[in-house]
Amino acid sequence: MKATLRTVRLALAEPLRISRSTMTARNAVWFTVEHEGLTGHGEAVTSVYYGLNTAELERQLYEAGLDLGHFGDPESALRERPAGDRPPAVTAAVEAALLDLCGKRSGLPVHRLLDAKSARTAPSTPGTPSAPSARTARTIGIVPAQRAAAQARSLADSGFTVIKVKAGAPNPEDDLDRVRAIASAAPRARLLLDPNGAWTSTEALQLLPRYAELGVEAVEQPLAPGGPEALARLAERSPLPLIADEDAVTYEDVRRLAGRVHGVNVKLAKCGGPYEALRIAELIEGSGTELMLGCLTASTLGLAPAVHLADRARWADLDGHLLLADDPWTGIGGADGVVRASELPGLGVWERRVGREDAA
């Protein structure tokens with residue numbers, strides 16, 4: 001097997017402001033594996049929060065590509081999946097590329113290769129029988145209430161039924177005004193709130209009842225990460241379901257929180273890929289903690305592996321590709337509020353400049 005890398009710049013359609021930063025663009029490294037005339041693709045994106053810059057991603061993916069040379073075919077590489085000490089985002093990109101390639105070699109879409117009950121088995125085991133789809137949340141950042149209302153109205157007109165609102169402005173009343181404006185502009189939309197860890201426990205206890213009155217469905221990571229016990233205690237007193245995100249990075253993180261929070265946001269780039277996400281889904285099954293599938297801002301290529309798992313989650317937050325000014329890949333939809341996997345072999349996505357006949 002031969003692996004190659006390509007780095008591209010992904011610019012956002014407009015700046016995305018959250019409680020801790022504002023993002024306008026990020027780099028993506030595309031990881032391609034070739035074997036016997038077929039190629040599989042995966043993507044890893046830079047992240048200041050996770051300490052991944054472009055040079056580090058390129059180095060890690062280059063070394064991962066060298067390691068794949070020890071395997072005779074992609075099926076054996078996928079079966080072993082040696083993660084080593086690599087960042088989860090790198091492991092996820094490599095796994096995506098291998099799944100894509102194995103799917104093309106077998107003629108099966110990725111969701112047919114994944115089996116939640118035996119996540120370490122060979123990729124020949126059939127998984128979900130039909131192509132998954134899910135209504136995805138669409139994120140509105142920290143913007144003035146009037147701007148948020150206009151965005152919400154446009155999203156509702158386009159078919160979105162779930163809107164995720166970023167919170168954590170210096171003045172909490174600004175966040176409340178934004179949510180009121182969105183609720184008024186899109187009265188039938190389900191609302192999720194994400195302060196990205198901006199609140200203290202005291203602030204959360206004061207604010208959560210007010211958001212419950214506004215019809216917010218659930219709140220994601222209200223407290224600063226690093227205190228999962230505090231988050232679990234807050235969940236016991238919260239009038240709204242609480243979803244752990246930054247405090248639920250690894251399998252062990254989720255094990256400590258299972259049954260103690262209402263949900264966990266699983267992102268393939270932070271847990272290590274589809275198979276690890278399936279392990280987490282198995283872990284929380286029946287615990288009272290439900291699955292949210294999230295993402296980083298990335299292209300369709302980066303989002304596609306999670307879309308193949310989308311029907312397993314209560315909440316799907318898979319809009320990262322929709323935030324881009326120009327998504328270089330296509331194949332999962334989402335502009336109408338619904339992301340869809342396809343029945344094409346592999347990930348079922350393709351680079352726009354190449355064409356569908358070369359679907360990834």
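Reader: How many disulfides does the structure hold?
Author: Zero disulfides. Bear in mind that this is a predicted model.

Reader: What is the nearest cysteine sulfur to that of Cys-102?
Author: That of Cys-271, 19 Å away. Cys-102 is in no disulfide.

Reader: And Cys-271, what is its nearest cysteine sulfur?
Author: The sulfur of Cys-295, at 13 Å. Cys-271 is in no disulfide either. The cut-off for a disulfide is 2.5 Å between the sulfurs.

Reader: Is Cys-102 buried or exposed?
Author: Buried, because its relative accessibility is 2% and the cut-off is under 20%.

Reader: Cys-271, buried or exposed?
Author: Cys-271 has 12% relative accessibility, so it counts as buried.

Reader: New topic. Where is Glu-351?
Author: In strand E15, which covers residues 350–351.

Reader: Why does Glu-351 count as buried?
Author: Because its relative accessibility is 9%. The limit for buried is under 20%.

Reader: Which side chains make polar contacts with the side chain of Glu-351?
Author: Arg-6 is one of them, at 3.0 Å. Arg-353 is another, at 2.9 Å.

Reader: Which strands supply the lining of the largest pocket?
Author: Strands E1 (2–17), E2 (22–35) and E6 (162–166) each supply at least two residues. E2 gives the most, with five residues.

Reader: How do the residues of that lining divide?
Author: Into 11 nonpolar, 11 polar and 11 charged.

Reader: How many cavities of 30 Å³ or more does a search find?
Author: Three in the whole structure. The largest cavity has a volume of about 220 Å³.

Reader: Which residues lie nearest the centre of the largest cavity?
Author: Glu-43, Leu-268, Ala-269, Gly-302 and Leu-303, out of 19 lining residues.

Reader: Which elements supply that lining?
Author: Strand E3 (38–45) and helices H3 (88–106), H10 (268–271) and H12 (300–307) each supply at least two residues.

Reader: And by class, what does the lining of the largest cavity have?
Author: It has 15 nonpolar residues, two polar and two charged.

Conventions:
Residues are numbered from 1 along each chain as its sequence is written. This is a predicted model: local features need pLDDT of at least 70, side-chain atom pairs count only at pLDDT 80 or more; totals for chains, interfaces and linings use all residues. Side-chain values use heavy atoms; hydrogens and water are left out. Buried means under 20% relative accessible area, exposed over 50%, partly exposed in between (1.4 Å probe, protein chains only). Helices (H or I, at least four residues) and strands (E, at least two) are DSSP runs, numbered from the N terminus. A polar contact is a pair of N or O atoms within 3.5 Å; within protein, one must be able to donate a hydrogen and the other to accept it, and residues adjacent in sequence count only if both atoms are side-chain atoms. Ala, Val, Leu, Ile, Met, Phe, Trp, Tyr, Cys and Pro count as nonpolar, Asp, Glu, Lys and Arg as charged, and the others, Gly among them, as polar. On a 1 Å grid over the protein atoms alone, a cavity is a set of points where a 1.4 Å probe fits but cannot get out, and a pocket is an open set with protein on both sides within 12 Å along at least five of seven lines; lining residues have an atom within 4 Å of a point. Grid points are joined across faces, edges and corners, and a volume is the space filled by probe spheres set on the points.
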